[in-house]
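Dear colleague,

Please find below the structure that I am handing over to you. My findings follow directly after it.

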Amino acid sequence: SPKAAALVSNSRPYFVCVGTIEPRKNIDLLISVWEQLSAMDIEAPSLLLVGKLGWFHSGQRERLKKLESSELVEVRSGLEDSDLLCLMHGACALLFPSVAEGWGLPLTEALSLGVPVLASDLPVFREVGQGVPELLSPHAVELWRDAVLDYCSPDSGRRHEQMQRLSSYKPVTWAEHFEQLSSVLEN
């Protein structure tokens with residue numbers, strides 16, 4: 001969309017990762033993926049990291065700065081909700097490589113918007129994602145790199161298959177969530 005294009009600094013296909021940039025979000029994996037992509041002789045897609053900068057070790061921050069200077073990675077914080085939704089709509093996929101999550105709100109938001117998701121193979125993502133997202137090991141840089149390369153291709157079979165699965169996705173409502181919680185607490 002024109003608004004998404006105005007929010008992204010280049011015209012490459014892009015991926016979005018949403019959340020505070022901190023170790024449990026496994027941003028280091030994405031930094032490694034984009035370092036590999038930048039070393040390849042290709043027109044690499046971009047990565048938009050949307051969220052506040054949390055804490056990282058100094059080496060990770062330096063690696064991220066280098067990718068930012070190459071314009072392959074952008075860190076964005078303080079976006080309006082409407083701008084974030086617009087960015088998500090234009091993304092090849094939402095990336096969610098966390099090593100630990102309680103719920104995974106960005107995953108449910110992306111799926112509710114009809115945006116494919118590449119996420120870590122965590123029990124919560126299996127449950128919340130209802131079999132829709134493509135789940136990958138949170139430690140397998142090459143698997144993530146290959147998935148990113150596939151999903152940014154206009155004729156991606158993997159992305160097409162996930163889009164078909166998306167048609168059956170039904171977000172859990174708050175009422176359903178609390179009903180399930182009550183049932184668990186009663187037992």
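I begin with Asn-26, which is found in the loop between E1 and H2; helices (H or I, at least four residues) and strands (E, at least two) are DSSP runs, numbered from the N terminus. Before going further, please note that this is a predicted model, in which local features need pLDDT of at least 70 and side-chain atom pairs count only at pLDDT 80 or more, while totals for chains, interfaces and linings use all residues. Residues are numbered from 1 along each chain as its sequence is written, and side-chain values use heavy atoms, with hydrogens and water left out.

Backbone

The phi of Asn-26 is near 60°, a positive value in a residue other than glycine. Asn-26 counts as buried because its relative accessibility is 11%; buried means under 20% relative accessible area, exposed over 50%, and partly exposed in between (1.4 Å probe, protein chains only). Glu-71 also has a positive phi, of about 65°, although it is not a glycine. Its place is in the loop between H3 and strand E3 (73–76). With a relative accessible area of 46%, Glu-71 is partly exposed. As background, most residues other than glycine have a negative phi.

Salt bridges

The structure holds nine salt bridges, a salt bridge being a side-chain nitrogen of Lys or Arg within 4 Å of a carboxyl oxygen of Asp or Glu. One of them joins the side chains of Glu-101 and Arg-24 (3.2 Å, N to O). This pair links distant parts of the chain, 77 residues apart: Glu-101 lies in the loop between E4 and H5, and Arg-24 in the loop between E1 and helix H2 (27–39). Arg-24 is partly exposed, at a relative accessible area of 36%.

A salt bridge also forms between Arg-63 and Glu-35, whose closest N and O atoms are 2.8 Å apart. Here too the pair links distant parts of the chain, with Arg-63 in helix H3 (residues 58–69) and Glu-35 in helix H2, 28 residues apart. Both partners count as partly exposed, Arg-63 at 23% relative accessibility and Glu-35 at 29%.

In the salt bridge of Asp-121 with Arg-126, the closest N and O atoms are 2.7 Å apart. Asp-121 is partly exposed, with a relative accessible area of 37%, and Arg-126 counts as partly exposed at 45%. Elsewhere, salt bridges that share partners join Arg-24, Lys-25 and Glu-101 into one network.

Cavity and pocket

Both searches use a 1 Å grid over the protein atoms alone: a cavity is a set of points where a 1.4 Å probe fits but cannot get out, a pocket is an open set with protein on both sides within 12 Å along at least five of seven lines, and lining residues have an atom within 4 Å of a point. Grid points are joined across faces, edges and corners, and a volume is the space filled by probe spheres set on the points.

A search of the whole structure finds one cavity of 30 Å³ or more. The volume of the largest cavity is about 50 Å³. Its lining includes Cys-17, Val-18, Lys-25, Phe-96 and Pro-106. Strand E1 (14–18) and strand E4 (94–96) are the elements that give two or more residues to this lining. By class, the lining of the cavity has seven nonpolar, three polar and one charged residues; Ala, Val, Leu, Ile, Met, Phe, Trp, Tyr, Cys and Pro count as nonpolar, Asp, Glu, Lys and Arg as charged, and the others, Gly among them, as polar.

The largest pocket holds about 320 Å³ of space. It is lined by 15 residues, and Val-18, Leu-79, Asp-81, Leu-84 and Glu-109 lie nearest its centre. Helix H4 (81–90) and H5 are the elements that give two or more residues to the lining of the pocket. That lining has seven nonpolar, three polar and five charged residues.

Helix H5

Leu-105 has its place in helix H5 (residues 105–113) and is partly exposed, with a relative accessible area of 46%. Thr-108 is likewise in helix H5, but is buried, with a relative accessible area of 10%. From C-alpha to C-alpha, Thr-108 and Phe-125 are 9.2 Å apart in space, and they are 17 residues apart in sequence.

With kind regards
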